[in-house]
Amino acid sequence: MPVSASVRASLERAASQLPAATLKKLFHTAGCEIGGKDGPQSSGLLDLLSASTSPEQKLVLKEAYAAACILVADMAKQNLSEESNRRLLHEFHFQENLLGDICDILRETIPPVQALASVSGLRLDRVIDVSWRLDYCLRSNTFGTIHEPLYFVVLTTQRAANGTVGYVRFTCTVAQLDELVFKLQEALEQVGMVFRAIQDENKL
């Protein structure tokens with residue numbers, strides 16, 4: 001599987017400079033973040049950075065995290081066999097005793113990535129319009145007396161496969177909408193980190 005020079009260089013530096021435990025957590029976190037899978041070890045890049053001992057190690061870790069996200073996504077897209085994944089990791093000079101552990105992590109984290117809208121084809125539906133209405137809800141058949149504002153949101157989507165237009169409707173409180181916006185901002189930051197790593201690894 002072709003790998004960009006920046007991704008290869010970042011992973012080779014990580015293999016030579018980061019402890020084994022950090023490398024395992026790095027791949028687990030990258031896979032969980034991309035696949036949207038929460039777990040006890042999926043605590044994000046900030047927790048990994050907080051355990052770093054020096055600015056140099058933090059830089060290596062940031063570069064490696066972006067590279068690992070790209071690598072896991074590519075592995076999921078290509079639907080490589082476990083043996084192919086192992087050979088690829090071996091090319092990055094990961095220690096032999098680590099390869100099995102990382103492959104076990106990939107076996108667990110890659111399927112959720114592939115399940116996200118058939119990532120192997122990258123045929124994701126698009127949100128083409130958003131409409132919303134803010135009402136003050138006094139009472140609900142389900143929840144009884146409410147007395148709080150509620151957002152009624154409609155997302156207009158377009159299927160990548162055939163262009164069919166669909167709608168996703170939901171209601172949420174102000175607090176829930178704030179949380180949704182925050183999660184979207186987090187996702188944008190993660191995507192931005194990956195693209196910056198591709199364009200200029202020194203910016204990380």
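**View 1. Strand 1 meets strand 2.** Strand 1 (residues 126–140) and strand 2 (residues 144–158) run antiparallel and are joined by 13 bridges. Strands here are DSSP runs of E with at least two residues, helices are runs of H or I with at least four, and both are numbered from the N terminus. Look for Val130, whose bridge partner in strand 2 is Leu155. Val127 stands opposite Thr157 of strand 2. This is a predicted model, in which local features need pLDDT of at least 70 and side-chain atom pairs count only at pLDDT 80 or more, while totals for chains, interfaces and linings use all residues. Residues are numbered from 1 along each chain as its sequence is written, and side-chain values use heavy atoms, with hydrogens and water left out.

**View 2. The sheet as a whole.** Moving on from Thr157, its bridge partner in strand 3 is Gly166. Nine bridges join strand 2 to strand 3 (residues 165–173), and these two strands run antiparallel. The three strands form an open sheet in the order 1-2-3, with antiparallel pairing; two strands pair if DSSP finds at least two bridges between them. Strand 1 and strand 3 stand at the edges with a single partner strand each, so one side of each has no neighbour in the sheet. On average, neighbouring strands of this sheet are turned by 20 degrees against each other, direction ignored.

**View 3. Helix 4 against helix 6.** Helix 4 (residues 55–78) and helix 6 (residues 96–115) pack at an angle of about 70 degrees, and their axes are 9 Å apart. Axes are lines fitted to C-alpha atoms, for helices over the stretch in contact, and angles run from 0 to 180 degrees between N-to-C directions. The two helices are therefore roughly perpendicular to each other, a label for angles of 65 to 115 degrees. At the meeting place, Val72, Met75 and Ala76 of helix 4 meet Leu106, Ile110, Val113 and Gln114 of helix 6, where contact means heavy atoms within 4.5 Å.

**View 4. A close look at helix 2.** Helix 2 (residues 20–35) has 16 residues and reaches 23 Å from its first C-alpha to its last, close to the 22 Å expected at 1.5 Å a residue. That expected span is 1.5 Å times one less than the number of residues. Its buried residues include Leu23, Leu26, Phe27 and Cys32; buried means under 20% relative accessible area with a 1.4 Å probe, protein chains only.

How values were computed. Buried means under 20% relative accessible area, exposed over 50%, partly exposed in between (1.4 Å probe, protein chains only). Angles under 35 degrees count as roughly parallel, over 145 as roughly antiparallel, 65 to 115 as roughly perpendicular and the rest as oblique.
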